[in-house]
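Please look over the sequence and the structure shown here before reading on.

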Amino acid sequence: MNDVDRALRAAPPHALLDTLRPLLTDVWGAIDADLLLADYGMTVLQPVKEPGDPARAVSLHNTPESRAFGSQEPHEEHPRNAERTRLHLPVTARGERLGILTVLLPPGPVDPSLTDELVQVADLLGHAIVVAERDTDVYRQARRIGRLTLAAEMQWELLPGRACAREEFAVGAQLEPAYAVRGDNFDWSSDAHRLTLSIINGMGDGIHASLLTHLAVGALRNARRAGLPVADQARLADQALYAQHHGDQHVSALLLSFDLATGSALAVDAGSPRMWRRRGTAVERIELEAQLPLGMFEESDYVAQEFGVLPGDRLLVVSDGVYDALSPLGEVFGERALARAVSATALLPAADVPRAVLDDLARYRVTEPLDDALIVCLDWSGRPVDTPSG
């Protein structure tokens, strides 16, 4: 794999696949290869080579490519009377599901050792794409099936990703409407000791909501990177927003900080995002003390509350665009339907849960959404407990 790694590192950012193809042919006997990336709405896979061509988009539902993408396992496709086998390989970077590398091989079953090696190639490609995106728009262009609004472009650029996985946890998140999202956003960061999550909902519409959220996320990151705890992060973000808007605009936020060793968590509930927990088969809302949204008043004080998570727990944080959605009978989604959706998605990995719940929400509500919908799912594994020897 060293040759592949060196070739991808030396390749022009826009030409990763073109650089990889000769290696796939010379070393592994491939006939051809194609790279498809998941769109912002997580509905289709689009080829990097010809982005925006609806005829070449591949559905993320009930296709061979979607099976590889959803399972995060290689999937062999043997088309009837075809002269080649299609091996679909997940392209992922640290839990972030980017897309699929499809390698065309001679007909017949694929040797397991060959599959294992190509899985490693796809993994190297995923990490190379994340780095290359700093210097080219090719991969971002392949992720869109339509034009993003300016507000949505700003929001997606602000995100850390849509998924992240470590030994202790796995996170998945999604925004809707993906191509016109306004004020909702999320952020996360982890180090050797803690995971910090923030879920943000800036008031207003369009570019105004996006700018407000940008200021809030920037202030929270600035405080977090200074090593401040979540209550002080909230205070500094509150001061930054008030200094700019003097209380005329505010941001709802839920700030969470988890001790990776113990599962002990600190939370600041400063607005509308709400949190549910699935433990075993029980689903319940985690009630937190409501505090003022960020930027509403000068020098607001914030106090962190404590709660805990156990290995096997799943947390779901949603914005008001999710739990306030109405059914044709006028029932709020967050009253009972959300708990049913959390239970129904129990077997899905964290990265798949937000999209599945949003699909359930789309079938539930009676009208087109008037507000953004944001879902963040956290699966907690915790650290293994060392058992004394002897």
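In which sense do strand β2 and β3 pair, and over how many bridges? Strand β2 (residues 44-47) pairs with β3 in the antiparallel sense, over two bridges, and the bridge partner of Leu45 in β3 is Val58.

## Basis of the report

This is a predicted model, in which local features need pLDDT of at least 70 and side-chain atom pairs count only at pLDDT 80 or more, while totals for chains, interfaces and linings use all residues. Residues are numbered from 1 along each chain as its sequence is written, and side-chain values use heavy atoms, with hydrogens and water left out.

## Overall form

The secondary structure of the protein comes to 11 helices and 17 strands, where helices (H or I, at least four residues) and strands (E, at least two) are DSSP runs numbered from the N terminus. The radius of gyration, taken over C-alpha atoms, is 22 Å, close to the 21 Å that the globule rule gives for 390 residues, so the protein is as compact as a globular protein of that length; the rule itself is 2.2 Å times the number of residues to the power 0.38. Along the principal axes, the C-alpha atoms fill a box of roughly 65 × 65 × 45 Å.

## The sheet from β1 to β6

The pair β2 and β3 belongs to an open sheet of six strands, which has the order β3-β2-β1-β6-β5-β4 and antiparallel pairing; two strands pair if DSSP finds at least two bridges between them. Because β3 (58-59) and β4 (75-77) stand at the edges with a single partner strand each, one side of each is left without a neighbour in the sheet.

Two helices lie across strands of this sheet. Helix α2 (residues 16-28) lies across β1 (32-38) and β6 (96-105), running at about 135° to β1, whereas helix α3 (residues 64-71) lies across β1, β2, β3, β4, β5 (85-93) and β6, running at about 135° to β6. Axes are lines fitted to C-alpha atoms, for helices over the stretch in contact, and angles run from 0 to 180 degrees between N-to-C directions, with contact meaning heavy atoms within 4.5 Å.

## The sheet from β7 to β14

Another open sheet of six strands has the order β7-β8-β17-β16-β13-β14, again with antiparallel pairing. Its edge strands are β7 and β14 (282-285), each of which pairs on one side only. Three bridges join β7 to strand β8 (residues 169-176), and Ala163 stands opposite Gly172 in β8.

## Pocket and cavities

The largest pocket has a volume of about 700 Å³. Of the 25 residues that line this pocket, the closest to its centre are Glu96, Glu133, Leu159, Pro160 and Gly161. On a 1 Å grid over the protein atoms alone, a pocket is an open set of points with protein on both sides within 12 Å along at least five of seven lines, a cavity is a set where a 1.4 Å probe fits but cannot get out, and lining residues have an atom within 4 Å of a point. Grid points are joined across faces, edges and corners, and a volume is the space filled by probe spheres set on the points.

The structure also holds two cavities of 30 Å³ or more. The largest cavity, of about 80 Å³, has a lining that includes Glu96, Ala163 and Arg355. The second largest cavity has about 50 Å³ of space, and Asp269, Arg274 and Arg285 are among its lining residues.
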